[in-house]
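This report covers nonpolar cores and backbone angles. The sequence and model follow.

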Amino acid sequence: MAFAKLPILSPLPLPENTVEVGQAARKGWVIYEVKPGDTLLGIAARYGVDPRHIMWSSNLQSDRLQVGQRLLIPLVAVEDRSPRVPPGVEVYRVRPGDTLQGVASRYGISVLDLVSANPSLESLDRLVAGSILYIPKRTKGLLVVLPEGETLVDLAARFGLSPVAVARANGVKDPLDLKPGDLVLLPGIQAKTTYQRLLAKQEAERQARLEAERRRQEELRRLAEERRRQQALAQQRAREARRAQAQQPQVRRVSYQEGAMRWPLSDFRITTYFGQRGAFQRFHTGIDLAAPYGTPIVAAKAGQVEVAGWSSVGYGFHVVLDHGGGVQTLYAHMSRVAVRAGQWVEAGQVIGYVGSTGWSTGPHLHFEVRVGGVARNPLAYLP
């Protein structure tokens, strides 16, 4: 066991007619700073000392600790005398899962009796595994530590008890047999104030748990209501979009002077039309044709490949064909381009494959028709 280092002092000269006695039992102290979650019982169990000894050494008035508080933990060498425990009091080491009520029931005593024998308890609900409980099996009463400088007679007088009754309860014939640090049982005295404080603390913690659960349930209800509201809003928007699509006017099919175009895909569905999509959305300069990933894309009309590659403005992999007369077609979001710039392609020739590159939310072909650099409705040029 490690001991705190104490300063070495020069020996003082002994006066005449003095007798030199043996050295006192070796003792040491550890200065411990309280951390979050620490309890007096837990710290005492960690260092193998009685929590009452920590209270006495650190001049504590109660077992309540504050984070950052410094404690003086006494460490006694193995050869030092162990504190005396009164006869009829069993030293019980707390096991995992033990409760105060369970231990009291096991020994046939009340919780108040158990608290009186362990007045430094901090909770009626939680026990630290490995800590010590004192069980009064024969005589019930308050179990205290004999302070330095006091005797059994002093303790008895303070609590208004007969020294003879206290000596009998503690199994001693000579009150001076008890030394500071020994446990003294004061028969018939109950730690009612401590018990009431622990009951109040237990109720406060229960109310805090109930309040925390109430707030959690309230938050869950709020989140559920928000989800329902968002789902209803999404459904309403979907219905409005379907109505707007159903009411969209039919586009008159025409062809320009050099002839009509053909559809760039053979199996598709139109998901977005040409034009203004909403009050706050960008103008859609083409039509979107949804199709499975990798579907072949063909030239809508014969022409020369003007652009074939990656776009920096959101089209991803795309191809632009020049058909002459100022007419161009654009094919965007490809997974792969199958032609190169400058190449001549015929109508119906594969120029790439459907993908979802660039600004895209799923596999589709964005198809545009431009005349003189101005986007036109592709449906006006398709059969």
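Where does His333 lie? His333 is in strand 14 (residues 327–337); helices (H or I, at least four residues) and strands (E, at least two) are DSSP runs, numbered from the N terminus. The model is predicted, with local features needing pLDDT of at least 70, side-chain atom pairs counting only at pLDDT 80 or more, and totals for chains, interfaces and linings using all residues. Residues are numbered from 1 along each chain as its sequence is written, and side-chain values use heavy atoms, without hydrogens and water.

His333 and Asn59 each have a positive phi in a residue other than glycine. Asn59 sits in the loop between helix 2 (51–57) and strand 2 (70–76). Buried means under 20% relative accessible area, exposed over 50%, and partly exposed in between (1.4 Å probe, protein chains only).

| Residue | Phi | Relative accessibility | Class |
|---|---|---|---|
| Asn59 | near 55° | 61% | exposed |
| His333 | near 70° | 5% | buried |

Within helix 1 (residues 40–47), the buried residues include Leu40, Leu41 and Ile43.

A nonpolar core is a set of buried Ala, Val, Leu, Ile, Met, Phe, Trp, Tyr and Cys residues joined through side-chain atoms within 4.5 Å. The largest has 31 residues, of which Leu100, Val115, Leu121, Leu133 and Val184 touch the most other members. Helix 4 gives the largest share of this core, four residues. Leu121 is in contact (heavy atoms within 4.5 Å) with residues including Leu41, Asp63 and Arg197, not counting residues up to four places away in sequence. Another core, of 27 residues, lies apart from the largest one and has Val305 and Tyr331 among its members.
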